[in-house]
There are 2 protein chains.
Amino acid sequence: MAPRKTQKQTSSLGEREREILHAVVNSYITTAEPVGSRAVVKRFNMNLSAATVRNAMADLEDMGYLQQVHTSSGRVPTDNGYRYYVDHLMHVQELTLSEKRRIEHDFSQKLESADDLLRHTSHLLALASHQAGIAEALDTNQVRIQRFELIPVGRNRLAVLMVDNYGTVRSMIADLIDPVETNQLEKLSTFLNHNFVGTPIGSLANSIRSQLGEILGEQRVLAQRTLEVLDLVPQHQGKRLFLNGAVQLFEQPEFQRMEQAREVFGLLEEHDKLIDILRKAVADGDGRAVFISSENDNLGIEDIGVVASTYKVNGEPAGLIGVLGPRRMPYSKLTSLVHHTADIVGRFLTKLTK
Amino acid sequence: MAPRKTQKQTSSLGEREREILHAVVNSYITTAEPVGSRAVVKRFNMNLSAATVRNAMADLEDMGYLQQVHTSSGRVPTDNGYRYYVDHLMHVQELTLSEKRRIEHDFSQKLESADDLLRHTSHLLALASHQAGIAEALDTNQVRIQRFELIPVGRNRLAVLMVDNYGTVRSMIADLIDPVETNQLEKLSTFLNHNFVGTPIGSLANSIRSQLGEILGEQRVLAQRTLEVLDLVPQHQGKRLFLNGAVQLFEQPEFQRMEQAREVFGLLEEHDKLIDILRKAVADGDGRAVFISSENDNLGIEDIGVVASTYKVNGEPAGLIGVLGPRRMPYSKLTSLVHHTADIVGRFLTKLTK
DNA sequence: ATTAGCACTCGCAACCAACGAGTGCTAACA
DNA sequence: TGTTAGCACTCGTTGGTTGCGAGTGCTAAT
């Protein structure tokens, strides 16, 4: 057992400090108001006087975990405060069994396609968290072509069909100049199935471009046109991100000021940045993480928090989901919600793959 | 020529009143501030005294075209005022040739699929109008099946392919219990192509359900499963609405107050309501219209305006586009922007159909 | 019919005082 | 030596007062 600390230090916290920091963050998370020493002893009926707490809070401020919005008003957690809270203090609040059941049930209804499932996920997260719910579409390296089919349609047109390992069919139509000849078609089809089955959708275009030479000699026009069409695949992937429940952020007191609100909504429209944030949140650690506002960020957004988690398909990381809200978020509930949801999403997606 | 009016009347406006109403609305549209009598004579240097204008404005208020936000402050247009302005007063500000060119050019880049085109439209509208841009997806009755293809995939799976008259291919996969027999497949395929080609996508499900009996006897299992899959088509249509540029609304002074902003953003998330509004706007008239806030609306939203237009494919109305912003909008520019864009969208979509 | 003049209204910003929540510090206490 | 009570002080918030200015409606003169 470590010797009891009696000296204040800037590096690590004593039991009392931890307790008080915990109380402050908790209180602030629920009330959104700066919390003073008296409030702490009352709400958490500690066996301490306000003055003692006051001293401890002053220390916590010195150490950078708390912050005064102005001289002589209650304290508010800093980024570091949240960070410490999330990492060491909070009791993760597991979902109840019935909540888990409901989520599970919710998903079992929605097994059509991976996209639908993920769209639904963002919806569910928004609903359950009262924050903005985010779900990234499947990583394009996770989605692999399983089979090509070429089908003549009408006279001069060719339907190119790709079935992926999630059972989704992508299809597009190529306009040809000359009518299709069946034996050429078969050759091309064999060629595609032989060389590109198993290729991740994300790298299909490059993959094909690099092997273009091999085939061009023989069946120039047909092949050329077909490959041009295949080149378009990635765009046809559709949106990479599903987002839901943004309006709920208006409820939060921190977004009552227009500036803030505008910033956040601006961010929410920039899907690339959003994904970056999720990715950054999850970068270190075990793929489940909390991101707090301006922790080493480069974007001008203050005062947001994110809880994110990677979902895995067949054991492989395949995408991200999460919720976004004000920095002051009920992390203790949200982490379990998000992580558990990620697990379920992963399981159902895995079930979809063949 | 009608005899000059010398008497005030509540029914129709004299030349002076019209002029002044025009001035007030114009001024308010650009400045967003209540406009007083003096401001009118100054900004539009009329040969009248403020007092005279004052009287006229009082009359206009009696007639319900103007409104005072409080006793003794400038006037603001009422719904009726906007309505009169839009219908009788404003000079539609045609797009310049270069603007038209740019729009046209913009579209010619995006000829992939109808959905892409419409997504792009909402984007373009948002950009050009500085309001929220909206584009409804193609009417499901406009999209007609042109050809079915059934393709065995692997062992027990069947890909169902539908090409529509826009060249878009819809495809889904049915899991079968028994391996596919080729001759059954051909029969089913012929049946589908014979009976359902030309059916609008929107009514396909019903159409098929009603003719289910005819086929079941012969090839029960295969047919059943296939039709089940086809039943899902409408959901696979994806979102019915494309929306863009909502953030820009934050710039508008009328949405600085949180209440308003929240209301509008709430509305923007309810795509069904949005479509209703567009539809209502366009219901009467020639399919091009302006909708002003609470004109006979049932939803609790105040203070919005909409400019909408129907786009036609092969002469048939096929969907709606429009912009949404505060009631105080530069209608004279926006109407031409929206209507012209609708024309172009229609033309390009028509080009897509085969 | 139009205009000038004038008293009046009302929102808005500035200022002020009172209040109260909360602090830091000091001195007393266990 | 850590804890507590007491107290003076800070600072945001609230509510009331005031003055200003934009704009009006009305009346009387043109």
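The model is predicted. Chain A holds 13 helices and ten strands, and 40% of its 354 residues are buried. Chains A and B touch each other through 23 residues of chain A and 23 residues of chain B. DNA strand C has 21 residues around it, and DNA strand D likewise has 21.

**Chain A overall**

- Chain A has 354 residues, of which 40% are buried.
- Taking contacts in chain A between residues at least 6 apart in sequence, 61% link residues at least 24 apart.

**Contact between chains A and B**

- The contact pairs 23 residues of chain A with 23 residues of chain B.
- On the side of chain A that touches chain B, two or more residues come from each of β4 (145-153), β5 (157-164), β6 (169-175) and α11 (258-269) of chain A.
- Helix α11(A) supplies the largest share of that side, six residues.
- By class, the side of chain A that touches chain B consists of 14 nonpolar, four polar and five charged residues.

**Nonpolar core**

- The largest nonpolar core has 198 residues, and those that touch the most other members are Leu161(A), Ala308(A), Leu161(B) and Ala308(B).
- In soluble globular proteins, nonpolar side chains tend to be buried together.

**Surface near DNA strand D**

- Among the 21 residues around DNA strand D, the nearest are Thr52(A), His70(A), Ser72(A), Gly36(B) and Ser37(B).
- Two or more residues of this surface come from each of α3 (50-62) of chain A, α2 (37-43) of chain B and α3 (50-62) of chain B.
- Helix α3(B) gives the largest share of the surface near DNA strand D, four residues.
- The surface near DNA strand D has six nonpolar, twelve polar and three charged residues.

**Surface near DNA strand C**

- Among the 21 residues around DNA strand C, Gly36(A), Ser37(A), Thr52(B), His70(B) and Ser72(B) come nearest.
- The elements with two or more residues in this surface are α2 (37-43) and α3 of chain A, along with α3 of chain B.
- The largest share of the surface near DNA strand C is four residues, from α3(A).
- By class, this surface has six nonpolar, twelve polar and three charged residues.

**Packing of α1(A) and α3(A)**

- Helix α1 (residues 15-31) of chain A packs against α3(A) at an angle of about 85 degrees, and their axes are 10 Å apart.
- Because of that angle, α1(A) is roughly perpendicular to α3(A).
- From α1(A), the residues in this contact are Arg16(A), Glu17(A), Ile20(A) and Leu21(A).
- From α3(A), they are Val53(A), Ala56(A), Met57(A), Asp59(A) and Leu60(A).
- The contact of α1(A) with α3(A) has six nonpolar, no polar and three charged residues.

**Positive phi values in chain B**

- Ala32(B), in the loop between α1 (15-31) and α2 of chain B, has a phi near 65 degrees, a positive value in a residue other than glycine.
- Ala32(B) is partly exposed, as 13 other C-beta atoms lie within 10 Å.
- Ser72(B), in the loop between β1 (66-68) and β2 (75-77) of chain B, has a positive phi of about 60 degrees although it is not a glycine.
- Ser72(B) has 6 C-beta neighbours inside 10 Å and therefore counts as exposed.
- Ser72(B) is also one of the residues that come nearest to DNA strand C.

- Gln142(B) lies in the loop between β3 (132-136) and β4 (145-153) of chain B.
- Gln142(B) has 23 other C-beta atoms within 10 Å, so it is buried.
- Not counting residues up to four places away in sequence, Gln142(B) touches Val313(B), Glu316(B) and Ala318(B).
- Gln142(B) and Leu66(B) are 76 residues apart in sequence, and their C-alpha atoms are 43 Å apart.
- Arg119(B) belongs to helix α6 (residues 114-129) of chain B.
- Arg119(B) is buried because 20 other C-beta atoms lie within 10 Å, and the cut-off for buried is 20 or more.
- Arg119(B) and Glu136(B) are 17 residues apart in sequence and 8.8 Å apart in space, C-alpha to C-alpha.

How values were computed:
Residues are numbered from 1 along each chain as its sequence is written. Chains are lettered from A and ligands numbered from 1 in the order in which they are written. This is a predicted model: local features need pLDDT of at least 70, side-chain atom pairs count only at pLDDT 80 or more; totals for chains, interfaces and linings use all residues. Two residues are in contact if their C-beta atoms, placed from the backbone, lie within 7 Å. Ala, Val, Leu, Ile, Met, Phe, Trp, Tyr, Cys and Pro count as nonpolar, Asp, Glu, Lys and Arg as charged, and the others, Gly among them, as polar. A residue is near a molecule or strand if its C-beta atom, placed from the backbone, lies within 6 Å of it. Axes are lines fitted to C-alpha atoms, for helices over the stretch in contact, and angles run from 0 to 180 degrees between N-to-C directions. Angles under 35 degrees count as roughly parallel, over 145 as roughly antiparallel, 65 to 115 as roughly perpendicular and the rest as oblique. A nonpolar core is a set of buried Ala, Val, Leu, Ile, Met, Phe, Trp, Tyr and Cys residues joined through C-beta atoms within 7 Å. A residue is buried if 20 or more other C-beta atoms lie within 10 Å of its own, exposed if 12 or fewer, and partly exposed in between; C-beta atoms are placed from the backbone.
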